[in-house]
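Here's a quick briefing to read alongside the model. Have the sequence and the 3D view open as you go.

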Amino acid sequence: MSDITPTTVRSIEREALLVAETSEGAQEMFRREQTGADELRRELGAVLKVDGRALDPNNIDVERDDDETMIINMGPSHPSTHGVLRIMLELDGETVLRSKPVIGYLHTGMEKTGEELSYVQGGTNVTRMDYLSPVTNELGYSMAVEKLLNIEVPERATWIRMMMSELNRMSSHLVWMATNGMDLGSTSMMIYGLRERELILAFFEKTAGLRLNLNYVRPGGVAADLPDGWQDDVEVICDTIWARTFEYDQLLTGQTIFRQRLEGVAAITAEEAIALSLTGPLLRSTGVPWDLRRTMPYLAYDQVEFDVITGTYGDNFDRYAIRLNEIRESVRIVRQCIEMMPAGDYRTQDPKVTPPPRARIDESMEALIHHFKLFTEGFHVPVGEVYSAIESPRGELGCYIVSDGGPKPYRIHVRAPSFVNLQAIPLLMRGGMMSDTITVISTIDPVMGEVDR
Amino acid sequence: MDARSADGSSIGDPQVSGIATQPALNAVEGYFPTREQYPDLINQLKNDGFEMAVDLCAVDYLNHPGRELPEGIAPERFEVVVNLLSLSQRRRCRVRVQVPENDSVVASIFSAFAGVEAMEREAYDMFGVVFTDHPSLSRILMPEDWEGHPLRKDYGIGRVPVQFKEGPGPR
């Protein structure tokens, strides 16, 4: 190895070398004279095309010389960016003038991988996208496949799916409460949030065998029935988390410093949110009561009672309050699931997608062949394309699948809510303080595994 | 010419003349504009109450040419698929534009829906479909110096051979 770079390069050369190695070229944010007018308007957050409401790019930052501002990087390995998110900021002192997220550091080509996996294996792939809410990923994928197959899922499977995704919503929001607390300096919230989440993960482990990437919801139903005595476990989870949410109220909601960090910071209007295709708590914080569980019901959400939580001002505090209250609403739904859980099959009896029971394999050659074919070749899905959307904790999680009739998806595209919601960053950060960028990233709640896929 | 299918009468269809339509699965209206009709159709659908462009992605139909398309629409290699959502009417529609291989250029709908900015960049990054009038069309997920567009069907998935001894492997 003779071509090792000498360690005694002069600092100017080293800097050029570093820039060449780490540059993302056109994906980065540039100085104003190098930026096109359209892109400048976008980075300044002037995206609104509603009549008379379009932002004037000059209304907060009157013409400044470029040498009075500086462009700095935040991330990609910054503890408050929730993963490998890199944000380029144009700062004037401590005020953020422009910002642009640079993503792709966690890109692993999961959509390409999905084209190489059969429909049976696909669940293991999608569950790793949004690693904080694996059940909703699997659910979106499975529902898309079921629509293509045109099969019905038994009622019990539907209710199990609904209960598991609500438990997952609780755990996802609890992690958000924890990291948001951490970002704002409340390390005790970090410990409490993860402590409560552990209850739910333990139940996942008991049910599905795994804590994080479950592959529990599969096309045709769920992988296993609920364990014996599940009612007691879920009851304990509900009671504990319900009581603890009021402790969070005491710890955070009324806390003066916490409120001052959040209230009125990074407000967004409903028009802006809709123009930017934002969904989930970000959209609801502006007062738009759009929750797919209510507005376009799937599973059995039209048979349970719950409230859609909306905000008023669209600021950080609204987004905090929405997530905290959604934990309570999820507890309500899960309690109804315990009461109303029907008996029956936990997966469809359609032999096309469901393997024969284990006992049959021992005595029947045909069952063995059937089992073998299903897990090696997989099942064939009729030609077609489908878009199926569900409400994940972060917003609309869509799954667009094109099938060419084979056992593998021809194209699988996941509409990741975090990926789209990240577009709000330039608008939310503009004109704010440097320290508020942390709270903005936190309340958008991006999961980088889902952003980059 | 209205190429609407005979049974394409779902609830409150916006009457878009001259553009091929087809009721897709699950009673979602599908529109198949040509590249020239595409920006106008998007604007018209926006005026008809579809406030949000909820998803935009591309598909490479290189190995799957025999898909079902309404009469008069010639299949091309690429297809840009836009899913629109109407919050007020609680319904969705899907717009599918054919984009030929040798001239993979299509108009950006950024001016109508600012939210497609990242999605169009992703489609460009993964498929090489160029969106004109996009504010800054650059790669978004892949590194800037990457060659090729990974989600194209003629782009190999690559694999790392199993090495039992230390040896030079690809990449």
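A residue is called buried here if 20 or more other C-beta atoms lie within 10 Å of its own, exposed if 12 or fewer, and partly exposed in between, with C-beta atoms placed from the backbone. Helices (H or I, at least four residues) and strands (E, at least two) are DSSP runs, numbered from the N terminus. What you're looking at is a predicted model, where local features need pLDDT of at least 70, side-chain atom pairs count only at pLDDT 80 or more, and totals for chains, interfaces and linings use all residues. Residues are numbered from 1 along each chain as its sequence is written, while chains are lettered from A and ligands numbered from 1 in the order in which they are written.

**Chain B and its enclosed helix**

- Chain B carries 2 helices and 7 strands, and reading along the sequence gives β-β-α-β-β-β-β-α-β.
- Of its 171 residues, 42% count as buried.
- Take contact to mean that the C-beta atoms of two residues, placed from the backbone, lie within 7 Å. Among contacts in chain B with a separation of 6 or more, 52% come from residues 24 or more positions apart.
- In α2(B), 11 of the 11 residues are buried, so this helix is largely enclosed by the rest of the structure.

**Where chain B meets chain A**

- The interface brings 32 residues of chain B into contact with 43 residues of chain A.
- On the chain B side, β3 (52-60), β4 (78-86) and α2 (117-127) each give two or more residues.
- β3(B) has the largest share of that side, at 6 residues.
- By class, the chain B side splits into 18 nonpolar, 6 polar and 8 charged residues. For the classes, Ala, Val, Leu, Ile, Met, Phe, Trp, Tyr, Cys and Pro count as nonpolar, Asp, Glu, Lys and Arg as charged, and the others, Gly among them, as polar.

**The β1-β2-β3 sheet of chain A**

- This open sheet has 3 strands in the order β1-β2-β3, with antiparallel pairing; two strands pair if DSSP finds at least two bridges between them.
- β1 (70-74) and β3 (95-102) are the edges, each with a single partner strand, so one side of each has no neighbour in the sheet.
- From one strand to the next, the twist averages 25°. Axes are lines fitted to C-alpha atoms, for helices over the stretch in contact, and angles run from 0 to 180 degrees between N-to-C directions.
- β2 (residues 86-92) pairs with β3(A) over 7 bridges, and A:Ile87 has A:Pro101 as its bridge partner in β3(A).
- The loop between β1 and β2 of chain A holds A:Gly83, which counts as buried because it has 21 C-beta neighbours inside 10 Å.
- Leaving out residues up to four places away in sequence, A:Gly83 touches A:Leu106 and A:Met448.

**Helix pairs in chain A**

- α4 (residues 119-126) and α5 (residues 134-149) of chain A pack at about 155°, with axes 9 Å apart.
- That makes α4(A) and α5(A) roughly antiparallel. Angles under 35 degrees count as roughly parallel, over 145 as roughly antiparallel, 65 to 115 as roughly perpendicular and the rest as oblique.
- From α4(A), A:Tyr119, A:Gly122, A:Gly123 and A:Val126 meet A:Asn137, A:Glu138, A:Tyr141 and A:Val145 in α5(A).
- α7 (residues 187-208) and α8 (residues 230-253) of chain A cross at roughly 170°, their axes coming within 11 Å.
- The α7(A)-α8(A) contact has 9 nonpolar, 1 polar and 4 charged residues.

**The β6-β7-β8 sheet of chain A**

- Here 3 strands make an open, antiparallel sheet in the order β6-β7-β8.
- β6 (384-392) and β8 (411-415) are its edge strands, each pairing on one side only.
- Neighbouring strands are turned by 15° against each other on average, direction ignored.
- β7 (residues 395-403) and β8(A) are joined by 5 bridges, and A:Tyr400 has A:His413 as its bridge partner in β8(A).
- α5(A) packs on this sheet, touching β6 and β7 of chain A, and its direction makes about 150° with that of β6(A).
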